Structure formats: C-alpha cells, structure tokens
Amino acid sequence: DGIDAILDDAGRALVRVAASGADLPERFDLRMRRADDSWMILEMQVARLPAGWQGIGRDVTEIRTLQDQLASLALRDPLTGMANRRLLNVLLDTALQRCQRNGTFLVVSYLDLDDFKHVNDEHGHAAGDAVLQQVAQRLLGTVRGSDVVARLGGDEFIAVHEAAPATAPAIVERLSRALSAPYDLPDGHRVSCLPSIGTADSATYTTPAELIAAADGAMYTAKRAHRAGRSRQH
C-alpha cells in the first residue's frame, strides 16, 4: 500500500506485474510522487533474482521534461502555441477518416492578413508578432473545441470545421468578423489587418494536401478581389 500511494497508474500496474512473477521490461520509466506532491521520473533498470527483483533507478525528471518540450515544439508553432503544419496534417488526416466513417464533412478555411507586411515594415517585427498572437487568440475563441486551428507560417492560418459544405459562407463570415477588428500593438498604436479567407470542403477534396491547396487557391482569389475593390475605390 505504501508504494502504491506514491506511484501513478502505470507504476502500480508494473508493481502488480512484478508481484505476479511475470517478466518486467529490462528498462522503464517509473513516476513517483515526491513529498511536495510533485512528480519525479526514475529510469529503472531491473534484474530478476531468486527471491524477487533488484533495480537501480536514476532521476531523469529534467531530461524527460525537456524531451516533452522538444516534442511539443516540433508539433507546435512557438509564437502562438497553435498546431504547426506537421501537426495539422496529422489532425486533418484523422478528422477526414472520422468524417468518412460517420458520413460527415470538413470545411477547411485558409486565412491570410492583407496588410500584415505593412505592419512589420511600419512598426517592426515585435508588432507583427503581437498581431499574430492576437489572431491566434481570436481564432481559438471563435472555433469549437473539436475544431482544428493551425498556423502554417508568416500570417497564414488554417481553421478546420466539421460542418456541411453549405455552411462555408457562414463560417467565412464568422471568421472574417473575428479577425477584422483592429489589433493592439505594444507601443499603443492600433492597426487594421483585414483577412482574406478561402475555403474547400471534403465533399470535393479527399486528402489533407488537396484540401489545403484548394483552400489556399480560394484564399488568393479572395485576396485578388480585395485588391481590385481597393483599386476601384481609388
């Protein structure tokens, strides 16, 4: 009972395996709760003896934490914490498989900020980073928990909704409304960066690459329309 109280579920399961006489892995991690209620990770190396088991443990808490952080960075955009392209492909592929099983559809929206280069040129990269972080916050606040949002790089973002293709215009309207409000810069200025948004749906495109490419193409069509509209106004 004493050892069980300081182990997690996986550790307690290993203790039961050892008690049953079954073989243990030669090397494994064991999570143990410290007196201050934090967790310590021991890398255990064990050997069977006639009367039981003998093991040596070394504290690998810091290195495992670092490994987890590095793994997270490989799948997350470091500026916004959103999924990056690599993780997006995994999540999108999983969502497509689920929709194919359930007979539902995905709407993929590709988003780009029209005047973002001007913000970087006029106010500096710290201002641009602040805008991108606010875009991420607004997107996360707009989508449902089951939806996927990602930053592809620069000022390009993806939002994936499990929704009928006919709802795409309403999704674009909602996203556009969320991203069209002015952005606050660290120096106190406010800037506008209106979004261009294109969509594609899984009724037409059936792989992550096809969906992203089609939504990207639709986004550039929207951006050209915005530019043409501005030219006519001037």
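Reply:

**The largest pocket and its surroundings**

The lining of the largest pocket draws at least two residues from each of α2 (9-20), β1 (27-33), β2 (39-49) and β3 (52-59); helices (H or I, at least four residues) and strands (E, at least two) are DSSP runs, numbered from the N terminus. The model is predicted: local features need pLDDT of at least 70, side-chain atom pairs count only at pLDDT 80 or more, and totals for chains, interfaces and linings use all residues. Residues are numbered from 1 along each chain as its sequence is written, and side-chain values use heavy atoms, with hydrogens and water left out.

A pocket here is an open set of points on a 1 Å grid over the protein atoms alone, where a 1.4 Å probe fits, with protein on both sides within 12 Å along at least five of seven lines; lining residues have an atom within 4 Å of a point. The largest pocket holds about 170 Å³ of space, the volume being that filled by probe spheres set on the points, which are joined across faces, edges and corners.

Its lining consists of 13 residues, and V15, L24, F28, L30 and M44 lie nearest the centre. Eleven of the lining residues are nonpolar, two are polar and none is charged (nonpolar: Ala, Val, Leu, Ile, Met, Phe, Trp, Tyr, Cys and Pro; charged: Asp, Glu, Lys and Arg; polar: the others, Gly among them).

Of the contributing elements, α2 has twelve residues and spans 17 Å from first to last C-alpha, close to the expected 16 Å (1.5 Å times one less than the number of residues). After α2 comes G21, with a positive phi near 90°.

R48 forms a salt bridge with D23, with the closest N and O atoms 2.9 Å apart (side-chain nitrogen of Lys or Arg within 4 Å of a carboxyl oxygen of Asp or Glu). This pair joins distant parts of the chain, 25 residues apart: R48 is in strand β2, and D23 is in the loop between α2 and β1.
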